[in-house]
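Look over the chain below before reading on. The notes that follow go through its helices, loops and side-chain pairings.

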Amino acid sequence: SISSRTAIRLRAACLTMLYRKVIRVHSLGDKTIGELVNMFASDSQRLYQMVVFGPMIISGPVSMTLGILYILWLLSPWALLGMLVFILFYPIQYGMSRLVGRYQAKVVSMADKRICLTSEILSSIKLIKMYAWEKCFTKTLFDLRDKELQFLQVAMYFQSLTVSVASTVPIVTAIVMFLTHIGMGYDITPSQAFSAICFCMRQLSTVMIFTSE
């Protein structure tokens, strides 16, 4: 798509500009090696995602509004009760995303400390060898790595839980929609059912993008 190609080009251009800037400077100033690595890895990826998913800010609400009107025309007003599932899913998804973002920030912070310590060890390796400080620095480095892995593991747990819950939302929404529609005495055809399910699946991606951290 156009947004994907634009995101790839923008990310490549920013990385190229950053690389040329880094090789020209003599000192990083108040920036550390870890922060520099995060710029190349995490920040560039966030820039890519912003360009890819940015158009959803405009198209998402329009798509959902048109979809609700389509369901209203396709089934009955009672079928809109199924949309309550999506409404209830918003705060749950948002809370999970905030937790994932919080732990990912801790992962980045610990990775920055670990990279800085590794850089200091490599630059002072002769002094460390001379005073036999290998075990002390090794323990400190592994402790930082263990904390980083713990935060990363918790973040992945919450992210997996979010994906698991999200996969059930369209199914529950469709079930509630069909039960209320049929319960009020209306008939439903296979074409109507599959169209409603398609709408639920389409709106799930919009909800996850808008509530993501």
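## Basis

Helices here are DSSP runs of H or I, at least four residues long, numbered from the N terminus. The model is predicted.

## Helix α6 and its end

Helix α6 covers residues 134-183, 50 residues in all. From first C-alpha to last it reaches 73 Å, close to the 74 Å expected at 1.5 Å a residue. There is a kink in α6 of about 25° at Val169.

Just after α6, Gly185 has a positive phi of about 95°. Tyr186 sits in the loop between α6 and α7. Tyr186 is partly exposed, because its relative accessibility is 38%. It belongs to a nonpolar surface patch of about 580 Å².

Ala132 lies in the loop between α5 (125-130) and α6. Its phi is near 55°, a positive value in a residue other than glycine. Most residues other than glycine have a negative phi. At 56% relative accessibility, Ala132 counts as exposed.

Val100 lies in helix α4 (residues 83-123). Its relative accessible area is 9%, so Val100 is buried; the cut-off is under 20%. Val100 and Val154 are 54 residues apart along the chain, yet their C-alpha atoms are separated by 8.1 Å. Thr162, in helix α6, is buried as well, with a relative accessible area of 8%. Leaving out residues up to four places away, Thr162 touches Gln93 and Met96.

Gln192 belongs to helix α7 (residues 190-211). Gln192 counts as buried because its relative accessibility is 18%. Beyond neighbours within four places in sequence, Gln192 is in contact with Leu74, Leu75 and Asp187. Gln192 and Ile71 lie 121 residues apart in sequence, but 9.0 Å apart in space, C-alpha to C-alpha.

## Salt bridges

The count comes to 4 salt bridges. One of them joins the side chains of Arg114 and Glu148 at 2.6 Å, N to O. This pair links distant parts of the chain: Arg114 is in helix α4, Glu148 is in helix α6, and 34 residues separate them. Are the two partners buried or exposed? Arg114 is partly exposed, with a relative accessible area of 22%. Glu148 is buried, at 7%. Arg145 joins Arg114 and Glu148 in a network of salt bridges.

Asp143 and Lys139 form a salt bridge at 3.1 Å, N to O. The two are 4 residues apart in helix α6, so about one helical turn separates them. An α-helix has 3.6 residues a turn, so residues three or four places apart point the same way. Asp143 is partly exposed, with a relative accessible area of 33%. Lys139 counts as exposed at 55%. The side chains of Lys129 and Glu134 also meet in a salt bridge, at 3.8 Å, N to O. Lys129 is exposed, with a relative accessible area of 53%. Glu134 counts as partly exposed at 29%.

Notes. Residues numbered from 1 in each chain as written. Predicted model: local features only at pLDDT ≥ 70, side-chain atom pairs only at ≥ 80, totals over all residues. Heavy atoms only, no water. Expected span 1.5 Å × (residues − 1). Bend = angle between axes of the 7 residues up to and from the residue. Buried < 20%, exposed > 50% of the residue type's maximum accessible area, 1.4 Å probe, protein only. Contact = heavy atoms within 4.5 Å. Patch = residues over 30% accessible without salt bridge, like charges linked within 9 Å, V, L, I, M, F, W, Y side chains within 5 Å. Areas by Shrake-Rupley, 256 points an atom, 1.4 Å probe, with all protein chains shown as cover.
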